[in-house]
Amino acid sequence: MNHMNHKIAILFLAICLVSGIFGMKIDVSAADRVQDYGEELVIVIDPGHGGSNGGTTSGHTIEKEMTMATAMAMYEDLTKYDNVQVYMTHTEDIDMDLKQRAEFAQSVNADFLFSIHYNASEYHTMFGSEVWVSCVTPYNAYGYQFGHLYLEHMQEKGLFIRGVKNRLNEQNEDYYGIIRESAALSVPAVIIEHCYVDEERDAEYIENKEDFAELGRTDALAVAKYFGLKSSQLGVDYSAEAANLQPAEADKLVPSTILDKTKPDVCEIELVECDYETGDVQITVRAADYDSPLIFYCYTINGGADWSRLEAWPGCNTLTGEYTDTFQLNLQIPLGRRPNIAVKAFNIADLELKSNTLRFDQTFAAPKEEKDSEVTVSGNELSVEATPATQPVEHEHKTVGTTTFMPVYSELEEEEESVSVMTFLKLCLVLVIILFFIVLTSQMVHYHKRKKRRQRR
């Protein structure tokens with residue numbers, strides 16, 4: 001009996017040892033879905049806007065028409081899955097406030113509400129996809145796991161990914177009403193911002209109704225994978241997908257979803273090389289944000305009078321929090337100009353930090369073979385200020401050589417300010433002296449007049 005117990009003990013230890021060894025190889029980047037639901041899943045799809053609220057009209061189509069087309073395609077696909085009840089908050093072009101939408105979701109015992117939207121920015125410069133989630137637990141974790149999975153699909157399509165995040169109002173509540181109202185009724189909700197309707201790099205994804213529907217089908221696929229759904233009709237089984245989500249805890253906020261409130265910490269540029277005859281300028285850009293990834297940059301060649309369009313920050317991946325902190329930027333400066341170059345870095349909250357300014361000590365001239373020919377200039381053709389933001393200077397990322405020309409750096413601004421102050425003080429001193437002599441002369445004239453009057457008496 002003791003011999004048998006000994007063998008069992010050895011076998012048990014061996015099993016534990018093997019399990020431990022294999023356990024060390026488990027991919028810790030994957031986790032089970034935090035959210036649970038009953039035997040039947042209930043999903044509510046909310047087409048954003050409607051009725052008198054058309055949403056953004058910056059693009060070629062009104063947003064409410066886009067969201068309806070996307071939501072309908074999403075609805076049609078999700079109804080093909082087993083053990084799923086799918087509802088729409090509305091299918092007609094009607095006015096419906098955010099609280100009514102959340103109340104409808106609660107009335108059907110929704111396990112999740114997906115609010116469908118398209119984006120636009122004030123200056124028509126932003127681009128990419130993002131998902132907004134709640135700041136309330138456990139809905140923050142639910143939204144994060146879905147949003148991360150969904151944006152991976154959008155990334156595969158080629159869209160720039162702006163991240164999974166939440167936004168607070170002045171009362172430290174969810175800023176977006178549909179998320180706030182849903183959380184108050186214990187309904188998980190997210191806002192899917194597919195892309196920007198007013199930016200050319202997103203335009204190719206939303207050219208027609210079929211594009212809107214295709215995005216809706218992507219939404220449905222992400223939902224099916226998030227919940228691990230099966231479809232006898234489609235012949236697919238995503239039950240294993242629900243165990244490959246990003247780690248999250250129901251009772252804690254996911255740190256990466258907390259929107260950064262501070263601008264980037266570092267942004268500086270340094271000249272690498274320039275050629276005054278060809279207009280080629282190469283600079284090194286160094287930047288960092290210790291709270292969130294950098295996602296965009298732009299540059300100016302005229303000291304900030306105009307800025308280029310936003311560019312994706314090299315190496316940026318908001319899903320992993322990674323970005324490249326140093327890169328080379330090649331610019332082609334138009335001949336006849338004397339540039340003042342600066343760069344702005346933007347973090348995930350779209351907060352910006354401007355770099356130092358590189359000021360050059362001479363004008364970029366025409367090549368030698370062109371100097372002998374007659375050149376006529378009219379208006380602002382060669383004016384730096386005339387460079388429009390919509391027509392940026394040619395540029396590229398490239399590793400470059402050593403410095404051959406040195407610009408006058410931004411430290412000269414302080415010298416110029418010092419000279420201006422000294423000039424102002426000198427002018428003030430001259431004015432004081434002139435006033436002094438005027439007053440003195442006036443007093444002397446007045447004195448002689450009084451003296452003459454006394455002599456007459």
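Reader: Okay, I see it. For contacts between residues at least 6 apart in sequence, what percentage join residues at least 24 apart?
Author: That comes to 77% of those contacts in the protein. Keep in mind that this is a predicted model.

Reader: Got it. How many helices and strands does the protein have?
Author: There are nine helices and 18 strands.

Reader: And what share of the residues counts as buried?
Author: Of the 457 residues, 43% are buried. As for the surface, the protein exposes about 24,800 Å², and carbon and sulfur atoms supply 52% of that.

Reader: Switching topic: how many disulfides are there?
Author: The count is zero.

Reader: Is Cys267 buried or exposed?
Author: Cys267 is buried, at 9% relative accessible area. Cys298 is buried too, with a value of 4%.

Reader: Let's do rings. How many aromatic pairs turn up in the whole structure?
Author: A search finds 24 of them. One of them is Phe112 with Tyr226, an edge-to-face pair with 6.0 Å from centre to centre and 90 degrees between the planes.

Reader: Where do Phe112 and Tyr226 lie?
Author: Phe112 is in strand β3, which covers residues 112–119, and Tyr226 is in helix α7, residues 209–227. The two parts are 114 residues apart in sequence, so this pair ties them together. Both Phe112 and Tyr226 are buried, and Tyr226 has a relative accessible area of 0%.

Reader: What about the rings of Tyr226 and Phe227?
Author: They pair as well: their centres are 4.7 Å apart and their planes are at 75 degrees, so that pair is edge-to-face. Phe227 also counts as buried, at 2% relative accessibility.

Reader: Which residues do ring pairs link into a cluster?
Author: The cluster is made up of Tyr37, Phe112, Phe114, Phe146, Tyr150, Tyr226 and Phe227.

Methods
Residues numbered from 1 in each chain as written. Predicted model: local features only at pLDDT ≥ 70, side-chain atom pairs only at ≥ 80, totals over all residues. Heavy atoms only, no water. Helix = DSSP H or I, 4+ residues; strand = E, 2+ residues; numbered from the N terminus. Buried < 20%, exposed > 50% of the residue type's maximum accessible area, 1.4 Å probe, protein only. Contact = heavy atoms within 4.5 Å. Areas by Shrake-Rupley, 256 points an atom, 1.4 Å probe, with all protein chains shown as cover. Disulfide = S-S within 2.5 Å. Phe/Tyr/Trp six-rings, centres within 6.5 Å; stacked < 30°, edge-to-face > 60°.
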